[in-house]
Amino acid sequence: MSPPIPKPEEEHPSLPTVLIHRLPSFRYTLTSHLEPHFHLVDPLTTAAAATDSARALLCVGPTPVNEGTLNLYPSVRLVVGTSAGLDHVDLAACARRGVAVTSAANAFTEDVADFAVALLIDVLRRVSAGDRFVRRGLWPVQGDYPLGFKLGGKRVGILGLGNIGSEVAKRLVAFGCSVAYNSRSKKPSVPFPYYENAHDLAANSDALVVCCALNDQTRHVVNKDVMTALGKEGVIVNVGRGALIDEEELVRFLVAGELRGAGLDVFENEPNVPKQLFELDNVVLSPHKAVLTPESFRALQDVVFANLEAFFSNKPLVSPVECH
Ligand SMILES: O=CC(=O)O
């Protein structure tokens, strides 16, 4: 007979309860730093009793938080996000119920920005494609590998000049690129040219780096018209969310040679990637890993802990998200 499932509150009478909210396929591996301070309850593996009174919910990666979730845990007043994007959290539903939401703040910002630039350089200079060429033994047979393109001097349009976009801009300026951007609104303190929409930004750019939040306004913001405006010599890098780009169109443009290339860390239907892209040497594919470094996870641990500690001691949250 299996042992009875312990009622966690009885074991940890004094620690505040935090629910671990995750899809069965997601594991949360960063709990050891929280364990001494909070009573962690994973409803997928523990008795449901503690969920009735729990006030905080730790959302693992992109696990959806919607009306259904909030109905399930009516006492929850805080959702702690652990990802850079919060498109999986229904912020309006949280606002209606007075549930605060926190983000990963800048835990991932620099790593994602580094990765965006890495993808851009890889596409332009054909780093991964050259690697394949050497590994396949083609160098002695076919001779010189085709030239790549210089990064310095390129006009790069950044879609979404938030924390990540700003770090991308900083890096590209250091590489000698000229930067322009489109964001929800023009930012008075930013020296770069602002374009009111993605189309105009693309029409004035050699490369687009997509790093805005996914929401109803930005879904498929990079559509056929934007790709046409970017033109045959244009490169697209996406470190935001797959659905920011009309992926079917993107595949069509790339297959038809209507874009110079693409560097993609995110896809519309992950982990499924359109097979046509596998054949294209001018496309760099990455399994949604721009955020992943041990350093960024340590920073995430800190911000998660700081938000929970602030919440349970009635102090201002460290990285609150505007919910509306
Ligand atoms: O894409 C990853 C994240 O949003 O953290």
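Let's start at the ligand. A backbone N or O atom of alanine 84 sits 2.6 Å from one of the ligand's oxygen atoms. Bear in mind as you look that this is a predicted model.

| Residue | Protein atom | Distance to a ligand oxygen atom |
|---|---|---|
| Alanine 84 | backbone N or O atom | 2.6 Å |
| Glycine 85 | polar backbone atom | 2.7 Å |
| Histidine 288 | side-chain N or O atom | 2.5 Å |

How much of the ligand does the protein bury? On its own the ligand exposes 190 Å², and 89% of that is buried by the protein. The residues surrounding the ligand are Ser83, Ala84, Gly85, Phe108, Arg241, His288 and Val291.

Now zoom out to the whole chain. It has 324 residues, and 48% of them count as buried. You'll find 11 helices and 11 strands in it, and the C-alpha trace spans about 70 × 50 × 30 Å along its principal axes. The accessible surface is about 16,400 Å², with 54% of it belonging to carbon and sulfur atoms. If you take the contacts between residues at least 6 apart in sequence, 60% of them join residues at least 24 apart.

Where the domains meet, 7 residues of domain 1 are in contact with 6 residues of domain 2.

Next, the inside. In soluble globular proteins, nonpolar side chains tend to be buried together. Here, the largest nonpolar core holds 50 residues, and Leu120, Leu172 and Leu308 have the most contacts inside it. Helix α4 (residues 109–125) gives this core its largest share, 9 residues. Where does the core lie? Domain 1 and domain 2 both give residues to it, so the core lies between them.

Setting aside neighbours within four places in sequence, leucine 308 is in contact with Val18, Leu34, Phe38, Ala56, Leu78 and Val80. There is also a second, separate core, this one of 31 residues, including Ala202, Cys212, Val251 and Leu254.

Is leucine 277 buried or exposed? Its relative accessible area is 1%, so leucine 277 counts as buried. Not counting residues up to four places away in sequence, leucine 277 touches Val251, Leu254, Leu264, Phe267, Val283 and Leu285. For a sense of distance, leucine 277 and leucine 151 are 126 residues apart in sequence, and their C-alpha atoms are 23 Å apart in space.

One last stop is threonine 31, in the loop between β1 (17–21) and β2 (39–41). Threonine 31 has a relative accessible area of 17%, so it is buried too, since buried means under 20%. Beyond its neighbours within four places in sequence, threonine 31 is in contact with Ile20 and Leu40.

Definitions and conventions
Residues are numbered from 1 along each chain as its sequence is written. This is a predicted model: local features need pLDDT of at least 70, side-chain atom pairs count only at pLDDT 80 or more; totals for chains, interfaces and linings use all residues. Side-chain values use heavy atoms; hydrogens and water are left out. A nonpolar core is a set of buried Ala, Val, Leu, Ile, Met, Phe, Trp, Tyr and Cys residues joined through side-chain atoms within 4.5 Å. Buried means under 20% relative accessible area, exposed over 50%, partly exposed in between (1.4 Å probe, protein chains only). Helices (H or I, at least four residues) and strands (E, at least two) are DSSP runs, numbered from the N terminus. Domain bounds come from an automatic or database domain assignment. Contact means heavy atoms within 4.5 Å. A residue is near a molecule or strand if one of its heavy atoms lies within 4 Å of it. A polar contact is a pair of N or O atoms within 3.5 Å; within protein, one must be able to donate a hydrogen and the other to accept it, and residues adjacent in sequence count only if both atoms are side-chain atoms. Accessible areas come from the Shrake-Rupley method with a 1.4 Å probe; for residues, only the protein chains shown count as cover.
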